[in-house]
Amino acid sequence: MGSTRTLKTKCLSLIELVKFEHTIFALPFAMIALIMVYKGHLPDPLKTFWIVLAMVGARSAAMAFNRLADYTYDAKNPRTDKRPLQMRKITLAEAWIFTFLATAAFVFSAAMLNRTAFLLSFPVLPVLFGYSYMKRFSALSHLVLGFNLGLSTMGVWVAVTGHVSFTSILLCGGVTFWVAGFDILYALQDVDFDRREGLKSVPVGLGPGKSLAVAFMCHVATIVFFLMAGRSEHLGGVFYLGLAVIASILFCEHWLVKKRGLAQINLAFFTLNGAVSILFFCFSLADMLITRTLS
């Protein structure tokens, strides 16, 4: 009984370590990319399974590695010093083992999809893990994080067809700037700590006011990229209505942070951005289903 309880506690701590619930940010974009590849038809169930496993494995490996790379910084930051590694809920050795297993799941899943996906999984790994060190060197870390999540849309195309497409590149661009924008807002919480530790970010370099403007421009770029992706796939009115709703949500996100300060960061970061990804999936899917029905 005791060992079962310990195992359950470890599993819950690992889920907390990698913020598994944040998978919702990227998974809907990957799934709509998958449906776009299949032109609105039902995707192959087995391919879908391996794609989801590859995505979850890649994201979990990247997040666990980030926690290991930032272990010292997280221990000193009052905002992060209660994370599982810092609270000894998970040992460093256990976190390394989890990172290895998640990486193996990603590479194995890629191998089960096709040869191209398998071969490309290896150069993807430095991109996934490299983000963890970007803040030491460059404020572009926000874009690198976004690109890490955006890669999933191109990965879907490779998984199904063996190559990327123009649409997948546009979707990747949209996700990249969407994540970069809200990550800049999220980084406002750590300006003083990052500056003291010599870490780089847009808020550290430009200050809060200009950072809000940069984040806003990132989200303008997001809408532009998604608009072009819709045109590339010949989507219709329902998709563009969804984009209008998403643009309104992103505007609300910036308004909350600007007018009400850092106290609204969690609402802006978690709730509103979770809604963005889900709504993008729902409106895109609805548009493709309607178009398929009418045709």
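**Surface patch and helix packing in a predicted model**

Phe216 counts as partly exposed because its relative accessibility is 35%; the class lies between buried (under 20% relative accessible area) and exposed (over 50%), with a 1.4 Å probe and protein chains only. The model is predicted: local features need pLDDT of at least 70, side-chain atom pairs count only at pLDDT 80 or more, and totals for chains, interfaces and linings use all residues. Residues are numbered from 1 along each chain as its sequence is written, and side-chain values use heavy atoms, without hydrogens and water.

Phe216 lies in helix α10. Helices here are DSSP runs (H or I, at least four residues), numbered from the N terminus. Together with Met217, Val220, Val224, Met228, Phe251 and Trp255, Phe216 makes a nonpolar surface patch of about 640 Å². Such patches take residues with over 30% relative accessible area and no salt bridge, nonpolar side chains being joined within 5 Å. Both α10 (202-232) and α11 (237-260) supply at least two patch residues. The largest share, 5 residues, comes from α10.

Helix α2 (residues 27-37) is largely enclosed by the rest of the structure, because 10 of its 11 residues are buried. Among them are Phe29, Met31, Ile32, Leu34 and Ile35. Just after α2, Lys39 adopts a positive phi of about 55°.

Helices α5 (residues 92-113) and α6 (residues 115-134) pack with axes 8 Å apart, at an angle of about 150°. Axes are lines fitted to C-alpha atoms over the stretch in contact, and angles run from 0 to 180 degrees between N-to-C directions. The two helices, α5 and α6, are therefore roughly antiparallel, a label for angles over 145 degrees.

How values were computed
Patches are made of residues with over 30% relative accessible area and no salt bridge: like charges are joined within 9 Å, nonpolar side chains (Val, Leu, Ile, Met, Phe, Trp, Tyr) within 5 Å. Accessible areas come from the Shrake-Rupley method with a 1.4 Å probe; for residues, only the protein chains shown count as cover. A salt bridge is a side-chain nitrogen of Lys or Arg within 4 Å of a carboxyl oxygen of Asp or Glu. Angles under 35 degrees count as roughly parallel, over 145 as roughly antiparallel, 65 to 115 as roughly perpendicular and the rest as oblique.
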